[in-house]
Amino acid sequence: MEARERKEHFLKKRQVAIFFVLLGIAQAGSEPRQYSVAEEMESGSFVANLLKDLGLEVDELAARGARVVSKGKKVRLRLDRQTGDLLLNEKMDREELCGPTEPCVLPFQVLLENPLRFFQAELQIRDINDHAPVFLDKEIILKISESITPGTTFLIERAQDLDIGNNSLQSYTVSPNSHFHLKLQNSPGDIILPQLVLDKALDREEQSEIMLTVTALDGGTPPRSGTALVRIEVLDINDNAPEFEKLLYEVQILENSPIGSQVAVVSARDLDIGANGEISYVFSQASEDIRKTFQINTKSGELFLIQKLDFESIQTYTLNIQARDGGGLSGSCVVFVQVMDLNDNPPELTMSTLISEIPENLQETIIAVFSVSDPDSGDNGRMVCSIQDDLPFFLKPSVENFYTLVTNTALDREMRSEYNISITVTDMGTPRLNTQHNITVLVSDVNDNAPAFTQTSYTLFVRENNSPALHIGSVSATDTDAGANAQVTYSLLPPQDPSLPLASLVSINADNGHLFALRALDFEALQAFEFLVGATDRGAPALSSQALVRVQVLDANDNSPFVLYPPQNGSAPCTELVPRAAEPGYLVSKVVAVDGDSGQNAWLSYQLLKATEPGLFGVWAHNGEVRTARLLSERDAAKHRLLLLVKDNGEPPRSASVTLHVLLVDGFSQPYLPLPEAAADAAQADPLTVYLVIALASVSSLFLFSVLAFVAVRLCRRSRAAWVGGCSVPEGHLPGHLVDVSGTGTLSQSYQYEVCLMGGSGTSEFKFLKPILPNFLAHGEERVREANPSFRDSFEFN
């Protein structure tokens with residue numbers, strides 16, 4: 001039940017996640033919400049409350065896994081799930097984050113994981129007046145010729161202020177003096193350049209050096225300021241200033257250029273001679289980044305690289321270079337350096353959500369949510385994301401370089417229980433750079449496979465008379481699931497035949513499928529039986545299968561042959577009559593026996609053990625027919641006793657004996673005596689069916705004979721009034737009630753049998769009713785010396 005509830009919960013969670021993924025994609029084009037915060041606020045400072053913008057209640061934040069994600073690995077904001085407040089994760093320096101860029105905006109997203117949704121937002125960092133204007137050179141030296149006419153302007157080094165807007169540099173002032181006043185000039189980019197304007201001609205002899213203090217002021221509240229000392233040296237007349245060949249130099253340099261590489265060469269000339277014509281090159285109005293990155297040879301004007309370039313940090317540099325002669329005159333030019341981007345940054349992958357184990361048989365399941373970024377530009381910053389082609393997963397792009405990893409088909413743990421997924425992010429630069437992120441996804445088992453038997457049906461053999469609790473065989477089933485879902489329990493299923501006492505015949509071990517016979521089996525009562533075996537796993541819900549088991553009982557030689565004819569339990573033996581004129585091979589009688597066993601245990605053979613006169617009679621080994629072995633003579637005794645042995649072919653063999661009485665008579669009516677050849681051919685027609693048909697055919701004749709005999713007896717009683725027990729046989733000519741049946745010998749018509757086949761037994765059952773045997777009167781004065789006892793009343797065999 002727990003596994004089912006977990007599966008249903010996961011299905012609901014997956015459906016809601018897919019819905020919000022689509023909703024997040026639909027909202028990707030909407031304008032992001034904007035928030036603002038002043039720089040330098042302490043970590044943990046309040047920015048805004050997002051509950052209203054997110055449209056959520058406080059208790060939904062933790063349930064939906066809300067958190068702040070942003071481009072790159074550094075997260076500067078965090079979301080308080082208890083209140084919905086957006087808080088600073090660290091103190092922010094606007095100048096460090098954005099430099100001179102205005103406005104300073106940091107994009108971020110709020111990720112709701114359950115279901116998945118992205119909330120786009122921007123945080124604007126407001127500038128505060130935390131930087132005062134600074135002159136990089138604390139002392140500015142100006143060499144001015146005394147011949148310079150009033151009204152000449154001199155550009156001095158400007159101050160640097162990292163703040164922006166009103167907090168940035170706004171104005172300059174100069175200390176009071178009689179020679180100069182300060183003029184402010186706006187340059188491209190709204191940069192204020194301070195210039196000193198000569199109000200009064202200089203006189204080196206009167207004053208060779210003038211010291212001025214220049215103050216830079218920003219517009220903050222309160223304002224901040226910085227000062228620099230301007231030292232003016234008055235020079236002798238130098239009437240030619242250096243002039244550059246070009247006022248603007250444009251160069252391009254790769255960002256991977258080694259330190260010491262030559263960037264450019266500037267050149268200026270001065271028509272003066274001597275010290276007034278000697279030119280030196282220096283940076284003018286150079287920022288700290290320029291001074292740390294470039295160096296100029298003061299004599300040759302060669303510009304060298306002294307620090308590695310990084311396109312991702314700074315793309316262009318503007319260098320103001322001044323050429324000064326020995327007389328204090330100068331000229332300026334601008335070198336514009338453009339940094340060329342190289343594909344030197346591999347893409348970055350930031351994993352936001354990862355589910356490392358999912359149940360099988362689920363479709364469209366979100367495995368991971370991640371974002372990719374590349375600080376390069378152009379094609380170097382364009383990225384493609386991919387995974388292996390032979391996996392049942394696909395990448396679905398979302399907003400702002402976010403991707404979701406989703407299953408595209410139901411997984412089958414029995415086919416594969418673990419997937420190693422390599423997410424490859426490749427940029428489009430030259431050469432292409434890539435980043436790989438490997439994740440492992442485990443597939444948990446669901447009970448979706450029923451146990452399978454190794455065979456659909458089993459046939460087991462057991463010999464009868466077995467010992468109880470005998471192990472007769474085993475069944476085996478396997479389950480491709482895992483854990484409890486693969487643990488198989490075996491059981492016997494209710495038999496289809498309600499009359500089969502299966503519970504008392506066999507049992508099964510529930511753990512290993514071993515089958516046992518509970519009691520001794522009897523082949524003669526039950527030759528075979530079938531039943532179903534079930535195999536059930538322990539999953540929830542449990543699955544099962546079944547197999548057919550057929551048990552064949554093997555016969556043992558535990559039944560001795562049973563003689564049907566001649567009957568052995570009568571009060572007196574029955575005598576067979578044989579005429580003395582019988583030819584060799586004459587059928588005297590036939591021993592009929594059956595064996596309750598089967599197969600070779602029921603193959604019977606017949607043997608003559610003892611005879612009154614050896615050599616006179618013989619028995620056929622395979623059909624029990626007793627025949628004369630030679631011609632009879634007057635010297636042969638009238639009565640003979642034959643002891644026959646009936647033996648089966650079992651191991652060890654079993655046997656039974658039977659005694660046959662034969663009486664030789666004279667004048668026997670012989671309408672047909674078969675030739676030996678015919679008798680031999682008839683002996684080959686051995687099936688029991690032939691004899692049954694003969695017996696049934698004789699019934700009608702015997703019935704008529706019995707009626708005539710009964711009338712004759714009634715007449716004899718009037719004349720002689722005496723009964724003779726047994727079978728009285730006249731010595732003279734026999735009456736017509738003794739007939740030859742199908743040429744197989746003489747049988748009395750008074751033998752009447754009732755034959756009944758009993759169903760449901762392994763062998764046929766015959767029931768012989770009491771034979772009708774009338775007494776015969778003797779013709780003449782001599783009676784038969786021996787009487788033939790009557791058959792037993794009835795008997796039954798199996």
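Strands (E, at least two residues) and helices (H or I, at least four) are DSSP runs, numbered from the N terminus. Residues are numbered from 1 along each chain as its sequence is written. In this predicted model, local features need pLDDT of at least 70 and side-chain atom pairs pLDDT 80 or more, while totals for chains, interfaces and linings use all residues; side-chain values use heavy atoms, without hydrogens and water.

S23 pairs with two strands, where pairing requires at least two DSSP bridges. With S16, the pairing is parallel, over 7 bridges. Ile 253 has Val 339 of S23 as its bridge partner. With S22, the pairing is antiparallel, over 9 bridges. Here Thr 316 is bridged to Gln 338 of S23. S22 and S23 form a hairpin with 5 residues between them. In the turn, Gly 328 has a positive phi of about 95°.

Val 335 and Val 337 also belong to the largest nonpolar core, which has 27 residues. Such a core is a set of buried Ala, Val, Leu, Ile, Met, Phe, Trp, Tyr and Cys residues joined through side-chain atoms within 4.5 Å. Buried means under 20% relative accessible area (1.4 Å probe, protein chains only). Strands supplying at least two core residues each include S16, S22 and S23. Phe 294 is among the residues with the most contacts inside the core. Beyond four places in sequence, Phe 294 contacts (heavy atoms within 4.5 Å) residues including Val 263, Leu 319 and Val 337.

How values were computed
Buried means under 20% relative accessible area, exposed over 50%, partly exposed in between (1.4 Å probe, protein chains only).
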